[in-house]
Amino acid sequence: MVEFKANLPYYGVTVRVAPKVMPRLRYAGYFARIEKIDSPDADGWISVWLRFDIEEAACAYVLGFGAQMEVIEPLELRDRVLQAAKKTILFYTEH
């Protein structure tokens, strides 16, 4: 069992979360696992370390929170979320 768990995919993400959505964080997705929650910063936002199996799941999860969640690391995920948001805006402005 230990070997099985050691071989599971791992995609770590650090995000900042608006305080009002913290209660939803634990229930927002099956594929996100909380690894650590920090104390609120000066703005009240909370740094959270999350674990996903793959980048695609992390991107979809973050997008679901809109402007209430900011990707800090990895930068590749931050860029992917930005590109997905731009594509969504373009889609809705054209249809």
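Since the model is predicted, local features need pLDDT of at least 70 and side-chain atom pairs count only at pLDDT 80 or more, while totals for chains, interfaces and linings use all residues. Residues are numbered from 1 along each chain as its sequence is written, and side-chain values use heavy atoms, with hydrogens and water left out.

Overall, the protein has 4 helices and 4 strands, taken as DSSP runs numbered from the N terminus (helices are H or I, at least four residues; strands are E, at least two). Read from the N terminus, the elements go α-β-α-β-β-α-β-α. Of the 95 residues, 29% count as buried, that is, under 20% relative accessible area with a 1.4 Å probe and protein chains only. Among contacts (heavy atoms within 4.5 Å) between residues at least 6 apart in sequence, 60% join residues at least 24 apart.

Now for the sheet. The 4 strands make an open sheet, ordered β2-β3-β1-β4, with antiparallel pairing; two strands pair if DSSP finds at least two bridges between them. β2 (33–40) and β4 (69–73) sit at the edges with a single partner strand each, so one side of each has no neighbour in the sheet. On average, neighbouring strands are turned by 25° against each other, direction ignored. Axes here are lines fitted to C-alpha atoms, for helices over the stretch in contact, and angles run from 0 to 180 degrees between N-to-C directions. β2 pairs with β3 (residues 46–52) in the antiparallel sense over 5 bridges, and I34 has L50 in β3 as its bridge partner.

Helix α4 (residues 75–94) lies across β1 (11–17) and β4, at about 145° to β4. In the loop between β4 and α4 is P74, and the peptide bond from E73 to P74 is cis, with omega near -5°. Most peptide bonds are trans.

Then there is the largest pocket, with about 180 Å³ of space. A pocket is an open set of points on a 1 Å grid over the protein atoms alone, where a 1.4 Å probe fits, with protein on both sides within 12 Å along at least five of seven lines; lining residues have an atom within 4 Å of a point. Volume is the space filled by probe spheres set on the points, which are joined across faces, edges and corners. The lining includes V62, M69, R78 and L82. α3 (55–63), β4 and α4 each give two or more residues, and α4 gives the most, with 4.

Technical notes. Buried means under 20% relative accessible area, exposed over 50%, partly exposed in between (1.4 Å probe, protein chains only).
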